[in-house]
Amino acid sequence: TMSLFTSTKALGVTPEEIGSQVGTFGIPELGTRFVRQMLEETKPATFSDLVRISGLSHGTDVWTNNAQELIKNNIATLREAICTRDDIMTFLIYKGLPSKNAFDIMERVRKGKGLTDSDEELMKKYNIPDWYIASCNKIKYMFPKAHAVAYITSALRIAWYKVHKPLEFYLAYFTVRADEFDAEIMCDAETAKKKKRELEGLQGTELSPKDKNVLTILEIVNEMYSRGIKFVPVD
């Protein structure tokens, strides 16, 4: 199940067949283009790595122009970067800062208020790296770790079904999205592929919210066909 977040192998398909390097289509919080890109760049290996990615993807100015650059340039690893609001307080306490100061700094940063001059002085006194201080000053909003843990626990359960009970996974997925399901397009593999390519060509401003939802479903329809599962006509 964990391999889905770094590869498509467990699904028995190639990245070329489904148009993704990872196997997370249909996994809540982890199937969007934005998060799939994050998974490719961070290569999560553990549950806690996924919790960090959930924190990064739900924060504002936490990943983009911040942790993403630090990881890409080998300044920090995924496990060292600030991902959830709790990371700040626990890291600062670990480094020796008084608990109250560590808590106050976390609260200011997670609300997007940045660090005060005295915060920065105190952090330097305890040898907090410059990149860490700069990262704190860029953040506009931070996700709480407990939320991230709840999301990832749920996502992993669903991912288990995707790997081990594929028929049940796709049945449930399409059933709860019946409003957006167009049987004429989606019940034929070639028609579904053609429509998917057409919508991918329009990506950006030209796609309506409904088209975006349809494209998401088509990605999963295409993956399901690639795994050898087919729709039968309505009887």
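In this predicted model, Asp-49 belongs to helix α3, which spans residues 47-58. Asp-49 is buried, because its relative accessible area of 3% falls under the cut-off of 20%. Leaving aside residues up to four places away in sequence, Asp-49 touches Pro-44, Leu-78 and Arg-79.

The cysteines are considered next. A disulfide is a covalent bond between the sulfur atoms of two cysteines. The count for this model comes to 0 disulfides. Cys-136, for instance, takes part in no disulfide, and the nearest cysteine sulfur, that of Cys-83, is 12 Å away. Cys-136 is buried, with a relative accessible area of 0%, whereas Cys-187 is partly exposed at 31%.

The table lists the relative accessible areas of the residues discussed above.

| Residue | Relative accessible area | Class |
|---|---|---|
| Asp-49 | 3% | buried |
| Cys-136 | 0% | buried |
| Cys-187 | 31% | partly exposed |

The report now turns to the largest pocket. The volume of the largest pocket is about 400 Å³. Its lining consists of 21 residues, and those nearest the centre are Gly-31, Thr-32, Lys-212, Thr-216 and Glu-219. Two or more lining residues are given by each of the elements α2 (33-42) and α13 (209-226). Helix α13 supplies the largest share of the lining, with 7 residues. Sorted by class, the lining of the largest pocket holds 8 nonpolar, 6 polar and 7 charged residues.

Notes: Residues are numbered from 1 along each chain as its sequence is written. This is a predicted model: local features need pLDDT of at least 70, side-chain atom pairs count only at pLDDT 80 or more; totals for chains, interfaces and linings use all residues. Side-chain values use heavy atoms; hydrogens and water are left out. A disulfide is a pair of cysteine sulfur atoms within 2.5 Å. Buried means under 20% relative accessible area, exposed over 50%, partly exposed in between (1.4 Å probe, protein chains only). Helices (H or I, at least four residues) and strands (E, at least two) are DSSP runs, numbered from the N terminus. Contact means heavy atoms within 4.5 Å. On a 1 Å grid over the protein atoms alone, a cavity is a set of points where a 1.4 Å probe fits but cannot get out, and a pocket is an open set with protein on both sides within 12 Å along at least five of seven lines; lining residues have an atom within 4 Å of a point. Grid points are joined across faces, edges and corners, and a volume is the space filled by probe spheres set on the points. Ala, Val, Leu, Ile, Met, Phe, Trp, Tyr, Cys and Pro count as nonpolar, Asp, Glu, Lys and Arg as charged, and the others, Gly among them, as polar.
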